[in-house]
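User: I have a model open on my screen and would like to learn how to read it. Could you take me through it step by step?

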Amino acid sequence: MDPMPARYAIRIRGHLGATVLTAFPALESRRRGADTVLTGLLDRSALYGVLAEIEALGLELIEVRRL
């Protein structure tokens with residue numbers, strides 16, 4: 001059983017366009033300097049799914065932070 005969902009901030013190198021952001025419908029995005037930060041409420045399996053999608057898209061993951 002997954003633990004309770006938690007709010008996460010996921011920083012990705014570069015500015016993601018609208019097309020790429022459709023891969024992350026449950027997350028809000030904002031630009032921070034040269035990077036994009038995705039935030040949202042995720043349980044463990046959803047977090048791993050987002051991380052797998054980041055890898056599949058060839059994006060550079062900089063940081064994952066539980067808020």
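**Reading the fold, the core and the charges**

Analyst: Contact here means heavy atoms within 4.5 Å. This is a predicted model, in which local features need pLDDT of at least 70 and side-chain atom pairs count only at pLDDT 80 or more, while totals for chains, interfaces and linings use all residues. Residues are numbered from 1 along each chain as its sequence is written, and side-chain values use heavy atoms, with hydrogens and water left out.

User: Which pattern does the protein chain follow along the sequence?

Analyst: Helices (H or I, at least four residues) and strands (E, at least two) are DSSP runs, numbered from the N terminus. Here the protein chain has two helices and four strands, and in sequence order the pattern reads β-α-β-β-α-β.

User: Which strands pair with strand 1, and in what sense?

Analyst: Two strands pair if DSSP finds at least two bridges between them. Strand 1 pairs with strand 3 in the antiparallel sense, over eight bridges. Strand 1 and strand 4 also run antiparallel, joined by five bridges. You can find these pairings on screen: arginine 13 stands opposite aspartate 35 in strand 3, and isoleucine 10 stands opposite valine 64 in strand 4.

User: How does the radius of gyration of the protein chain agree with that of a compact globule?

Analyst: The radius of gyration is taken over C-alpha atoms, and the globule rule is 2.2 Å times the number of residues to the power 0.38. For 67 residues the rule gives a value near 11 Å, and the protein chain has 11 Å, so the two agree. The C-alpha trace spans about 35 × 25 × 20 Å along its principal axes. Among contacts with a separation of 6 or more, 65% are between residues 24 or more positions apart.

User: What share of the residues is buried, and which residues make up the largest nonpolar core?

Analyst: Buried means under 20% relative accessible area, exposed means over 50%, and partly exposed lies in between (1.4 Å probe, protein chains only). Buried residues are 27% of the 67 in the protein chain. In soluble globular proteins, nonpolar side chains tend to be buried together. A nonpolar core is a set of buried Ala, Val, Leu, Ile, Met, Phe, Trp, Tyr and Cys residues joined through side-chain atoms within 4.5 Å. In this model the largest one has 12 residues: Ala6, Tyr8, Ile10, Ile12, Leu16, Phe24, Leu27, Leu38, Leu42, Leu47, Val50 and Ile54. Strand 1, strand 3 and helix 2 (44-56) are the elements that give two or more residues to this core, and strand 1 gives the most, with four.

User: Where is leucine 61, and which residues is leucine 61 in contact with?

Analyst: Leucine 61 lies in strand 4. Leucine 61 is partly exposed, with a relative accessible area of 40%. Setting aside neighbours within four places in sequence, leucine 61 is in contact with Ile10, Arg11, Leu51 and Ile54.

User: Now the charges, please. How many salt bridges does the structure hold?

Analyst: A salt bridge is a side-chain nitrogen of Lys or Arg within 4 Å of a carboxyl oxygen of Asp or Glu. The structure holds five. In one of them, arginine 11 meets glutamate 63, with the closest N and O atoms 3.9 Å apart. That pair links distant parts of the chain, arginine 11 in strand 1 (residues 6-13) and glutamate 63 in strand 4 (residues 61-66), 52 residues apart. Arginine 11 is partly exposed at 23% relative accessible area, and glutamate 63 is partly exposed at 27%.

User: Is aspartate 35 buried or exposed, and which side chain does aspartate 35 meet in a salt bridge?

Analyst: Aspartate 35 counts as buried because its relative accessibility is 9%. The side chain of aspartate 35 meets that of arginine 13 in a salt bridge (3.8 Å, N to O). This pair also links distant parts of the chain, with aspartate 35 in strand 3 (residues 35-42) and arginine 13 in strand 1, 22 residues apart. Arginine 13 is partly exposed, at 45% relative accessibility.

User: Which residue forms a salt bridge with arginine 65?

Analyst: Arginine 65 pairs with glutamate 63, the closest N and O atoms being 2.5 Å apart. Arginine 65 is partly exposed, with a relative accessible area of 44%. Through shared partners, salt bridges join Arg11, Arg13, Asp35, Glu60, Glu63 and Arg65 into one network.
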